[in-house]
Amino acid sequence: MTSLRFWRAPLLALVAALLLVPQAAMAQDPVEPADSAAPVRVATPDRPSYDVVLRADDDGSRWTGRQTVSFRNASRTPLSSVDVRLWGNGAEGCGAPGSPSPVRVGGVAGGTPRPLDVDCTALRIDLPAPLPYGARASVSFDVAISVPDRVHRFGKDGAYRYLGNALPLLAVRDAQGRRLDPDVGFGESFHTLTGDFRVVLDHPGTLVVPATGTTTRRAGAPGRTISTSVARGVRDFAWAAGPFGSKTVTSPGGIRLNAYWTATTSPEGIAKALREGAGSVDEFGKRFGRYPYGELDLVMSDHLDDFGSMEFPGLVLLWTEPEESGAVHEIAHQWFYGIVGNDQFAAPWLDESFAQYATLLYYREDTATCWEDQGQWPGDEAALTRSMAYYADGHRSEYGAVVYRRGSCALHDLERALGGPAMARMLRGYVRDHWLGVATTADFKRAAQAATAKDLGPFWTEHRIH
């Protein structure tokens, strides 16, 4: 989410082609006990493929159509149902009489739906028969999306519509069961596996529609445009709609950046975001592994201060301001959250701390004393590895100070412990080993320990990385 330079005040608001080695890693089948009664030990369902067709109303406030998602059961345990997350309902929940939830589904085919759960953000669909290991199935449903009247990553601002976290996505099951954590109203609570998307958006020709993936456009009915976006190996799909200005540039490293901005976005903010976007996507590609999606959309506004900037695969929403565009931090999230996934509810530090660490590297900030500069921990229970449940339960004020500032400083301390070259090699290997997968704190600690002969136990204890 939104960037935070460590010396600043707390948060203002809280593919083209896949690389060959990671693709090979994706193709490997998981290893599990053959006993069909064994618990799910790998994340499933995996390898989802989303096929979506939506039609917009006159101003992009309402989108209706149908969505089909196919998937594979990666577990030896037969899969009897799947869960679909309607994250767009996170703030409103089930709505009120006469005011339905922003995201609604119906007309389910391929299974039998149960009542909505988790404040109308989860829909369980029972499959006609248990899906065996390695087999594929699909479900489809009608979708109606009404953009809420709020300045938000899923919301509107004047003539502009932002549809982040609006599209229904498959939930994850693993050794801990059905992962149906709530949206706590700040930060992120998302956990998805990478998949492929083909999204067809039928919209008025007056609307410019940036979207995740590579987009082609053709004329539709009179006065309308059909935008078809294809994205491979991504965790989510986001788009926006409005009378955006636009410009396309190519970074020195060959990455296409599509910039979109509102009528009130300053030319200085646009130029800064493009300059820092092109520089950071190239630098992070060299440091962590080349950006795999070919192009990246930067959707800018000077009115997004209610929630700050926000990352989505291949598309970032940027709140532009004179001091900072947010581009560097959100682009760092393309690697930490996008390429290397994590359970953002269970371990928010694995993307936010890492993205902020990368941001400070990009700006060449002096972090020699940043850990000491943080002073005392907020409390005895505070730790870098706390979940969003902890922050939502009376500790929200700690979120920025711990996850962003202490987390990034801990990684800089680790760099000093390992040495710069060793840290760089370790992180590049960590990204490679979890490319388009999901990493845990334990995975990262193993990677770091393998990079040095020193016992890092005292380091983890001091920095409260449990």
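**View 1. Glu-365 lies in the loop between helix 4 (349–362) and helix 5 (370–373).** Helices (H or I, at least four residues) and strands (E, at least two) are DSSP runs, numbered from the N terminus. The model is predicted, so local features need pLDDT of at least 70 and side-chain atom pairs count only at pLDDT 80 or more, while totals for chains, interfaces and linings use all residues. Residues are numbered from 1 along each chain as its sequence is written, and side-chain values use heavy atoms, with hydrogens and water left out. Glu-365 has a relative accessible area of 24% and is partly exposed; buried means under 20% relative accessible area, exposed over 50%, and partly exposed in between (1.4 Å probe, protein chains only). Ile-125 is 240 residues from Glu-365 along the chain, and their C-alpha atoms are separated by 49 Å.

**View 2. The axes of helix 2 (residues 267–288) and helix 8 (residues 420–433) cross at roughly 90 degrees.** These axes come within 8 Å. Axes are lines fitted to C-alpha atoms, for helices over the stretch in contact, and angles run from 0 to 180 degrees between N-to-C directions. Helix 2 is therefore roughly perpendicular to helix 8; angles of 65 to 115 degrees count as roughly perpendicular, under 35 as roughly parallel, over 145 as roughly antiparallel and the rest as oblique. Helix 2 contributes Gly-285, Lys-286, Arg-287 and Phe-288 to the contact, and helix 8 contributes Leu-427, Arg-428 and Val-431. Contact means heavy atoms within 4.5 Å. By class, the contact of helix 2 with helix 8 has three nonpolar, one polar and three charged residues. Ala, Val, Leu, Ile, Met, Phe, Trp, Tyr, Cys and Pro count as nonpolar, Asp, Glu, Lys and Arg as charged, and the others, Gly among them, as polar.

**View 3. Helix 2 also meets helix 4, with axes that come within 11 Å.** The two axes cross at roughly 110 degrees, which makes helix 2 roughly perpendicular to helix 4. On helix 2 the residues are Arg-275, Glu-276, Gly-279, Ser-280, Glu-283, Phe-284, Arg-287 and Phe-288; on helix 4 they are Ala-358, Thr-359, Leu-361 and Tyr-362. The contact of helix 2 with helix 4 has five nonpolar, three polar and four charged residues.

**View 4. Four strands form an open sheet in the order 5-6-3-10, with antiparallel pairing.** The edges are strand 5 (112–113) and strand 10 (169–170), each with a single partner strand, so one side of each has no neighbour in the sheet. Two strands pair if DSSP finds at least two bridges between them. Strand 3 (residues 79–85) and strand 6 (residues 122–131) run antiparallel and are joined by six bridges. Leu-79 stands opposite Leu-131 in strand 6.

**View 5. Asp-119, in the loop between strand 5 and strand 6, has a positive phi of about 55 degrees although it is not a glycine.** Asp-119 counts as exposed, at 55% relative accessibility.

**View 6. Arg-464 is a residue other than glycine with a positive phi, near 55 degrees.** Arg-464 is in the segment after helix 10 (457–462). With a relative accessible area of 19%, Arg-464 is buried.

**View 7. Thr-44 and Pro-45 are joined by a cis peptide bond.** Omega is about -10 degrees. Pro-45 is in the loop between helix 1 (20–27) and strand 1 (46–56).
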